[in-house]
Amino acid sequence: MKNPLIKLPLKDSEDYRHIYHVFVIRCDKRDELEKYLNENGIGTVKHYPIPMHLQEAYKDLNIKEGSLPIAEEISKTVLSIPMYYGMTDEEVNYVIDKLNAFK
């Protein structure tokens with residue numbers, strides 16, 4: 001994948017190993033990317049579109065918007081793309097090609 005607008009998950013290292021139960025990318029133009037992918041037949045999911053501290057279940061903690069800027073930024077930029085057992089090489093390459101073509 002070679003699109004500077006899209007950030008991929010960290011690569012495995014000695015200190016970090018991804019389990020890939022979902023494949024989450026980040027993009028400052030997340031909503032536009034989601035629309036583009038959906039229009040090209042690629043399903044997407046926004047996991048945690050509202051940061052945890054701003055969800056109704058945690059309102060009693062009284063954590064205000066702006067208090068956790070990194071969590072808020074991540075919630076605005078993350079997008080899960082298809083990744084599942086049985087995805088063909090053709091399907092994987094199609095997703096990669098569409099991601100690379102996004103502007």
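Tyr48 counts as exposed, at 54% relative accessibility. Exposed here means over 50% relative accessible area, buried means under 20%, and partly exposed is in between, with a 1.4 Å probe and protein chains only. Tyr48 sits in the loop between H1 and H2. Helices (H or I, at least four residues) and strands (E, at least two) are DSSP runs, numbered from the N terminus.

Before I go on, the basis. This is a predicted model, in which local features need pLDDT of at least 70 and side-chain atom pairs count only at pLDDT 80 or more, while totals for chains, interfaces and linings use all residues. Residues are numbered from 1 along each chain as its sequence is written, and side-chain values use heavy atoms, with hydrogens and water left out.

Back to Tyr48. Together with Met52, Tyr58, Leu61, Ile63 and Leu68, Tyr48 forms a nonpolar patch on the surface, and the accessible area of the group is about 570 Å². Areas come from the Shrake-Rupley method with a 1.4 Å probe, and for residues only the protein chains shown count as cover. Patch members have over 30% relative accessible area and no salt bridge; nonpolar side chains (Val, Leu, Ile, Met, Phe, Trp, Tyr) are joined within 5 Å, like charges within 9 Å.

What does Ser75 touch, not counting residues up to four places away in sequence? Its partners are Arg30, Tyr48, Pro49, Ile50 and Pro51, where contact means heavy atoms within 4.5 Å. Ser75 belongs to helix H2 and is buried, with 5% relative accessibility. H2 covers residues 69–77, and Glu72 and Thr77 are buried there along with Ser75. The cover over the buried residues of H2 includes strand E2 (23–27), helix H1 (30–39) and strand E3 (78–81).

How many salt bridges does a search of the whole structure find? The count is 6, a salt bridge being a side-chain nitrogen of Lys or Arg within 4 Å of a carboxyl oxygen of Asp or Glu. One of them joins the side chains of Arg30 and Asp31, at 2.9 Å from N to O. Arg30 is buried at 7% relative accessibility, whereas Asp31 is partly exposed at 46%.

A further one pairs Glu34 with Lys46, whose closest N and O atoms are 3.1 Å apart. This pair links distant parts of the chain, with Glu34 in helix H1 and Lys46 in the loop between H1 and H2, 12 residues apart. Glu34 is buried, its relative accessible area being 16%, and Lys46 is partly exposed at 30%.

Then there is Glu56 with Lys59, again a salt bridge, with the closest N and O atoms 3.1 Å apart. Glu56 is exposed at 59% relative accessible area, and Lys59 is exposed at 53%. As for networks, salt bridges that share partners join Arg30, Asp31, Glu34 and Lys46 into one.

Last, Leu5. The C-alpha atoms of Leu5 and Lys59 are separated by 33 Å, and the two residues are 54 apart along the chain. Leu5 lies in the segment before strand E1 (6–7) and is partly exposed, at 34% relative accessibility. Beyond its neighbours within four places in sequence, Leu5 is in contact with Arg26, Cys27, Asp28, Lys29, Phe102 and Lys103.
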